[in-house]
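Please read them with the structure open beside you.

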Amino acid sequence: MYQQMIFVNLATADVEASKKFFTELGYTINPQFSGDDCASVVISDTIVAMLLSKERYATFTSKEIVDSTEASEVLVCLSAESREKVDELVDRAIAAGGTASGTPQDHGFMYGRAFDDLDGHTWEVVWMDPAAVQG
């Protein structure tokens with residue numbers, strides 16, 4: 001059965017630094033779709049972040065590329081299997097050079113934190129109680 005995928009394309013100022021950052025979070029780089037001007041970060045079987053140099057990114061759009069350290073162009077939200085896994089990933093991101101973004105959100109059935117990567121892209125990490133999801 002076909003499983004739809006998502007490829008999140010983000011501009012980066014330093015492809016090599018971004019590769020290092022995301023591998024420190026535990027993700028892998030797919031060398032088949034990576035090069036000097038891009039990195040294919042495998043987040044799961046169906047989620048890939050394509051980190052593109054600003055020059056490479058510009059070949060896909062005629063719009064101005066946002067300075068993600070000054071303005072928000074996207075919030076990427078990843079699920080986590082537990083509250084502890086939320087904290088683990090965000091803490092690893094901060095240790096790898098990212099910065100905490102916002103304040104932790106605890107709604108009992110849902111818990112989340114966020115970090116900004118090296119380029120200022122905001123990544124939210126959220127756990128939701130499976131019983132709450134099933135309604």
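With which side chain does the side chain of Thr122 make a polar contact?

1. The partner is Asp116, whose side chain lies 2.7 Å from that of Thr122 in a polar contact (a pair of N or O atoms within 3.5 Å, where within protein one must be able to donate a hydrogen and the other to accept it, and where residues adjacent in sequence count only if both atoms are side-chain atoms). Thr122 is found in strand S8, and Thr122 is buried, with a relative accessible area of 12% (buried means under 20%, exposed over 50% and partly exposed in between, using a 1.4 Å probe and protein chains only). Leaving aside neighbours within four places in sequence, Thr122 is in contact with Val74, Leu75, Val76, Ser101, Ala114, Phe115 and Asp116, contact being heavy atoms within 4.5 Å.

2. On the basis of these remarks: this is a predicted model, in which local features need pLDDT of at least 70 and side-chain atom pairs count only at pLDDT 80 or more, while totals for chains, interfaces and linings use all residues. Residues are numbered from 1 along each chain as its sequence is written, and side-chain values use heavy atoms, with hydrogens and water left out. Helices (H or I, at least four residues) and strands (E, at least two) are DSSP runs, numbered from the N terminus.

3. Helix H1 covers residues 15–24, and its buried residues are Val15, Ser18, Lys19, Phe21 and Phe22. Seen down the axis of H1, these buried residues fall within an arc of 165°, so they line one face of the helix; the arc is that of the directions from the helix axis to the C-beta atoms.

4. The structure holds 3 aromatic pairs (rings of Phe, Tyr and Trp, the last by its six-membered ring, pair if their centres lie within 6.5 Å; planes under 30 degrees apart count as stacked, over 60 as edge-to-face and the rest as tilted). The rings of Phe21 and Phe22 have centres 5.0 Å apart and planes at 85°, so this pair is edge-to-face. Phe21 also pairs with Phe115 in a tilted arrangement, at 6.2 Å centre to centre and with 55° between the planes. Phe21 is buried at a relative accessible area of 2%, as is Phe115 at 1%, and ring pairs link Phe21, Phe22, Phe115 and Trp123 into a cluster.

5. The largest nonpolar core has 25 residues, and those with the most contacts inside it are Phe22, Leu25, Tyr27, Phe115 and Trp123 (such a core is a set of buried Ala, Val, Leu, Ile, Met, Phe, Trp, Tyr and Cys residues joined through side-chain atoms within 4.5 Å). Among the elements that each supply at least two residues of this core are H1, S5, S7 and S8, while H3 gives the most, with 4 residues. Beyond its neighbours within four places in sequence, Trp123 is in contact with residues including Leu10, Phe22, Ile43, Ala49, Val76 and Phe115.

6. Thr69 lies in the loop between helix H2 (54–58) and strand S5 (75–79), and Thr69 is exposed, with a relative accessible area of 52%. Its side chain makes a polar contact with the side chain of Asp67 at 2.5 Å. Not counting residues up to four places away in sequence, Thr69 touches Asp119 and Gly120, and the C-alpha atoms of Thr69 and His121, 52 residues apart along the chain, are separated by 7.4 Å.

7. Anyone handling the cysteines may note that the structure holds 0 disulfides, a disulfide being a pair of cysteine sulfur atoms within 2.5 Å. Cys38 counts as buried at 6% relative accessibility, whereas Cys77 counts as partly exposed at 45%.
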